[in-house]
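Please look through the structure below with this briefing at hand.

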Amino acid sequence: MPLVFSMTTEKMERMSEPILIVENVKKYFNTARGIIKAVDGVSFFVNQGEVFGVVGESGSGKTTLGNMVVGIYTPTSGKIIYKGQDIAKHAKERPKWLKKDIQIVFQNPASSLNPRRTIRQTLEVPLKVHMPSSNIAERVDKLLEMVDLPPEFAERYPDELGGGEKQLVAIARALATEPSFVVLDEPTSALDVSVQGKIIKILMNLKKRLNLSYMFITHNLSLMSNVADRVAIMYLGKVRELAETRDFFLNPMHPYTRMLLSSIPVITDEEEKLKPKRIESMGEIAGALNIPPGCSFHPRCPFVMDVCRSVDPPLNELAPAHFCSCHLYTTSNNAYDKYKK
Ligand SMILES: Nc1ncnc2c1ncn2[C@@H]1O[C@H](COP(=O)(O)OP(=O)(O)OP(=O)(O)O)[C@@H](O)[C@H]1O
Ligand SMILES: [Mg+2]
């Protein structure tokens, strides 16, 4: 049985100097139907220059988490430490430097761009607010060039652009303020498969060139294997596994992760051999309004034990820098032996 350590802020800080530390962050929504625990005690850090992948099915809380980092939502509780300062409180009153320094690219460029503004006018908005002393016309040209769009696109309207081109404009708009940190919320999921690869390539080149750090949100686990340095898996508002990408794919621990990985389509026999043994989910996906007690994954878990129905397992470090929240690893039982086979 591996040694178990709990993840503390001090430990995370010792490992490197993260640009972002999210500590036990919660976001609850009070609705007419009850309290929705969209994000329920999430902790992680993102190193400078890193791509941190956040993966999970629809409704797992990815967007809510990204929105708290970028200041669209104020967390119900917890800390968000960015460049050494706790920025969790009063999201709407963030200082100007912070609004400039953390940007977001949304999933759907069609709804995030104003149809009545030309691309130039769209790009001018953040420039006028945050970079008033710059040569704005020159900056617009430069931004278009950075995302591989021709300069004449500046005078076009969003309707005249394809989906991929619109998303490149949204990326240019996010980069207008020269941020250090960008939340990418499913930046390619609404796009045609044929342009997804191009957008990812541009994003990764920009990251290198501009020394950016990314929080990359997606439901597409196989995309993460190519772009992320580390990956966190979310399930119903909680991180259930977090590891360096290579380790994550070679040694997945949580039954949910293994379930997701075993259902990724592969082409070659070599890839097939690397996949974990197929794990079939048992129950239905629960909603955020009625989160099952104990481990929220237990109704779907083929290895469920009694303890899973009542006690929520903590996120423990089970191998160096590999965190997993699952009783299989902390309880001596037959299910664990069956699981490891
Ligand atoms: N403003 C809100 N008010 C009430 N409930 C909300 C709000 N925003 C999100 N939720 C709920 O919180 C839960 C998490 O939603 P969220 O959008 O963060 O999930 P997600 O992982 O981004 O899903 P998707 O993959 O579909 O984008 C869901 O149950 C959602 O209905
Ligand atoms: Mg989302």
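Contact here means that heavy atoms lie within 4.5 Å. This is a predicted model, in which local features need pLDDT of at least 70 and side-chain atom pairs count only at pLDDT 80 or more, while totals for chains, interfaces and linings use all residues. Residues are numbered from 1 along each chain as its sequence is written, and side-chain values use heavy atoms, with hydrogens and water left out.

- In soluble globular proteins, nonpolar side chains tend to be buried together.

**Helices H5 and H7**

- Helices (H or I, at least four residues) and strands (E, at least two) are DSSP runs, numbered from the N terminus.
- The axes of helix H5 (residues 119-130) and helix H7 (residues 163-175), which are lines fitted to C-alpha atoms over the stretch in contact, with angles running from 0 to 180 degrees between N-to-C directions, come within 8 Å and cross at roughly 25°.
- H5 and H7 are therefore roughly parallel to each other, a term for angles under 35 degrees.
- The contact is made by Ile 119, Thr 122, Leu 123 and Pro 126 of H5 together with Val 169, Ala 172 and Arg 173 of H7.
- His 130 also has its place in helix H5, and because its relative accessibility is 18%, His 130 counts as buried (under 20% relative accessible area, with exposed over 50% and partly exposed in between, for a 1.4 Å probe and protein chains only).
- Not counting residues up to four places away in sequence, His 130 touches Lys 96, Lys 99, Lys 100 and Thr 177.

**Positive phi angles**

- Most residues other than glycine have a negative phi.
- Glu 178, in the loop between H7 and strand S8 (181-185), has a positive phi of about 55° although it is not a glycine, and with a relative accessible area of 45% Glu 178 is partly exposed.
- Ala 321, in the loop between strand S12 (316-319) and strand S13 (322-324), has a positive phi of about 60°, and at 17% relative accessibility Ala 321 counts as buried.

Conventions: Chains lettered and ligands numbered in written order. Parallel < 35°, antiparallel > 145°, perpendicular 65-115°, else oblique.
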